[in-house]
Amino acid sequence: MLDSNNAQLMVLSDPCGFHNGEPVYIITISNDDTVVELTNLGAAITAIFTTDRNGEGHNIVAGYGNISLYEDNPHYFGCILGRYAGRIAGSKFELDGNVFSLSKNDGINHLHGGFEGLNKKVWKIKSFIQEDTEAGVIMEYLSPDGDEGYPGNLWVTVKYILDRDNKLKIIYDAETDKNTPVNLSNHSYFNLGGFASGDVLKHKLQINAAAYTENDENDLPTGRILPVKGTPTDFLSAKEIGTDIASVTASGGYNHNFVLNDCSPGKVRLAATLSEAISGRVLKVYTDRPGLQVYTANGWQGDIIGPQGLAYHKHGAVALETQSFPDSPNHPGFSDTILRPGQHMVSETIYEFSVCK
């Protein structure tokens, strides 16, 4: 924790590349303990360097060594998901008496906004934030009416702000001119030991969620909300991720949406705590969203090499995606994700980094 040094912002003066003719930049935000690297391609977090209990810094989020690889990014490293994070069953939903068909980029289903979701767009860098206690960047993107099948123009703004207390804030703001479903999230994968340390099965995870949304065999919600007690999804008390992971057979690991406790509208509260014993690193996740999707990198196969020169293998990290529930437009009992003209969908997630000595 900093006593006197301010957070600092640095943006490269020249683009590091181009995508569809648009310039791509790398933005770095830092303080004495934490360095956050971002790009406007997918509005993605490309790296977060934090110190361990010995004062050594390591990158703790998955990314690519070459910025151009974010043009494809099949594992959604660090990017903003949308228009709708998670799956929509059958790639369709009904709204105001009309059935809307979305792009089918996950078998017959729609995943994370489609083939060319917000994760593959070049976001406009709107402005920078430089205050005494925090620094950050504001990026924006206009998703046009009909994009991937969604109705309405959608104006999306995301702010990344790092403060002196090692809190990285992600603030979303969206508005539209037609009724449309919106569910935005960030898809960073964390390994608090650093990627030379192996998998995350020894990481301890605690989630403030007494229930989860049941999945079918295709990782789609059945519509039922079930208690976690007595199931492998019970993280009410901290436990190692690997303790019950062998019992989760449908996905080869966790790919579950947790129904967070104390979900008052607009209330930011502690959702989860992740820790790693050897490094001493601790990550706390705060959000005002009703759900937390936990995904344990079940699909990593060692074919992607990170910037550290190390391959990413199965269970090599864990994603903690703050969000509304998957497939909510098709489940009336789930949280409402329809954004209407004249409304703002404003949401905040905070990643707080610390070290247990």
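This is a predicted model: local features need pLDDT of at least 70, side-chain atom pairs count only at pLDDT 80 or more; totals for chains, interfaces and linings use all residues.
I began with strand β27 (residues 291-295) and found it joined to strand β28 (residues 318-323) by 5 bridges, the two running antiparallel. For my own record, strands are DSSP runs of E with at least two residues, numbered from the N terminus, and two strands pair if DSSP finds at least two bridges between them.

Residues are numbered from 1 along each chain as its sequence is written, and side-chain values use heavy atoms, with hydrogens and water left out.

Next I traced the sheet: 6 strands form an open, antiparallel arrangement in the order β19-β28-β27-β24-β21-β22. β19 (189-190) and β22 (221-227) are the edge strands with a single partner strand each, so one side of each has no neighbour in the sheet.

Then I turned to strand β20 (residues 204-207). It pairs antiparallel with strand β23 (residues 239-240) over 2 bridges, and Leu-205 has Lys-239 in β23 as its bridge partner. I also found 4 bridges from β20 to strand β25 (residues 269-275), again antiparallel, with Ile-207 opposite Ala-272 in β25.

Last entry: is Ile-278 buried or exposed? I placed Ile-278 in the loop between β25 and β26 (281-287). Ile-278 is exposed, at 71% relative accessible area (buried is under 20%, exposed over 50%, partly exposed in between, with a 1.4 Å probe and protein chains only). From Ile-278 to Lys-204 I noted 74 residues in sequence and 12 Å in space, C-alpha to C-alpha.
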